[in-house]
Amino acid sequence: MSRRGYWLSEDASRRLEGIVERIEEKASVAIDPSELEGVHERLNVREVLADLPEGFSEDDFVGVVKLAMLTECATDSYAAVFYEGARDYNAPWLGRFTERTWVPDEYTHTAPFKSMLLSVGFEEAELDREIRQVLDKTYVHSCGKTPVELTTFGILQEFLTDHWHGLIAKMLKNRAPHAASLATRVKRRETLHYIWYKEMTAAQIEENPELLHLVAATGASFNMPGVSLTPEYQLRALEWMPTMGANLDRNSREIVRHLFDIAGNTQRAGEMLLEVAALRGMTLGKVSAERAKAVLDRLGGRGYTLLGEAVLECVGLPIPAEIQARADARLAGGVPTIGALQERLRGMLRTSIARRIDLSSLSKA
Ligand SMILES: [Fe+2]
Ligand SMILES: [Fe+2]
């Protein structure tokens, strides 16, 4: 199966089918809809309005919950893109995962947030009208539609949604603990979703490392679905996040860690992350990532390995043990070996590159 750079062997497809089958055994839904009947009368979300953080208005809070409800309601629009990719690139495993596991779960994610808004005092008819308006809009998918691009998109989208629901739970927990627990239950499903998409992405890369270019392209063009469906709320998310207790820097580090894991080794990770940075127009200190990429492309693999190690240092992951062992090597009598001195010099270079890497713009999708 080869089309616009996407290719996987029959063996790889079978392996992915096996992964999806295993996931299906754990398939479940966030919340049984019958559990939510009349629940809004007991949620106390109105009381949260009296306890909002400094500088955070009631409208801001409502916007935060509406963003969750309105992006969750468009499951069918997102699923259509995944079915299209699965069909066009002959990836039945992806269609199967979407249909049997992902869609039934996602269908249960809107109602908890709707219950919270009913608890605040909104009329059900008004909320249903807003949901209908979103369903009538055309969802613009900002990334490619090959299976590896879709599963990478899945990681990023689910990770950021997981984080968003966690921030909501945090705002609710003191005054409306039952509502907070509903948000947390949805959040836990999103965690599973991104872990599953990560497993599917890593399996495709393991079989065909060339696909990392498509992972990089996805990292570069990614936008949350709310950008096209509910821009009035989505485009305010970054402004709201710090007051809600979000740590954008930590988010970026987490995203980089996930991408790093997918790449499979330090050199490939360095190459892929620099490609993302170059496509996004980012800089390494005063040097554009595009220029750094041109230099490293000439140097070959060793340069990318060093960059990959610098990224590891930057996100707080340990560098590979054999590198540390080389840097610590000593001759009899305790004198460092020539190799150890070279490795230490390399370590200084790595640290100076790590200091130039600014990851903060990565989670501002
Ligand atoms: Fe969801
Ligand atoms: Fe999800």
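Colleague: Which residues does Ser 142 touch, not counting residues up to four places away in sequence?

Modeller: Ser 142 touches Ser 221, Phe 222 and Asn 223. Two residues are in contact if their C-beta atoms, placed from the backbone, lie within 7 Å. Before we go on: this is a predicted model, where local features need pLDDT of at least 70 and side-chain atom pairs count only at pLDDT 80 or more, while totals for chains, interfaces and linings use all residues. Residues are numbered from 1 along each chain as its sequence is written, and chains are lettered from A and ligands numbered from 1 in the order in which they are written.

Colleague: Where is Ser 142, and why does it count as partly exposed?

Modeller: Ser 142 sits in the loop between helix 7 (124-136) and helix 8. Helices here are DSSP runs of H or I with at least four residues, strands are E runs of at least two, and both are numbered from the N terminus. A residue is buried if 20 or more other C-beta atoms lie within 10 Å of its own, exposed if 12 or fewer, and partly exposed in between. Ser 142 has 15 C-beta neighbours inside 10 Å, so it counts as partly exposed.

Colleague: What makes helix 10 largely enclosed by the rest of the structure?

Modeller: Seven of the 10 residues of helix 10 (residues 212-221) are buried, so the rest of the structure largely encloses it. Among the buried ones are Leu 212, Val 215 and Gly 219. Their cover includes strand 2 (6-7), helix 9 (177-207) and helix 14 (248-263).

Colleague: Why are helix 6 and helix 9 called roughly antiparallel?

Modeller: The axes of helix 6 (residues 110-120) and helix 9 cross at roughly 160° and come within 10 Å. Axes are lines fitted to C-alpha atoms, for helices over the stretch in contact, and angles run from 0 to 180 degrees between N-to-C directions. Angles under 35 degrees count as roughly parallel, over 145 as roughly antiparallel, 65 to 115 as roughly perpendicular and the rest as oblique. Helix 6 and helix 9 are therefore roughly antiparallel.

Colleague: Which residues of helix 6 and helix 9 meet?

Modeller: Pro 112, Met 116 and Ser 119 in helix 6 meet Ala 179, Leu 182, Ala 183 and Val 186 in helix 9.

Colleague: How is the chain divided into domains?

Modeller: Domain 1 covers 2-246 and domain 2 covers 266-363, with bounds from an automatic or database domain assignment. Their C-alpha centres lie 34 Å apart.
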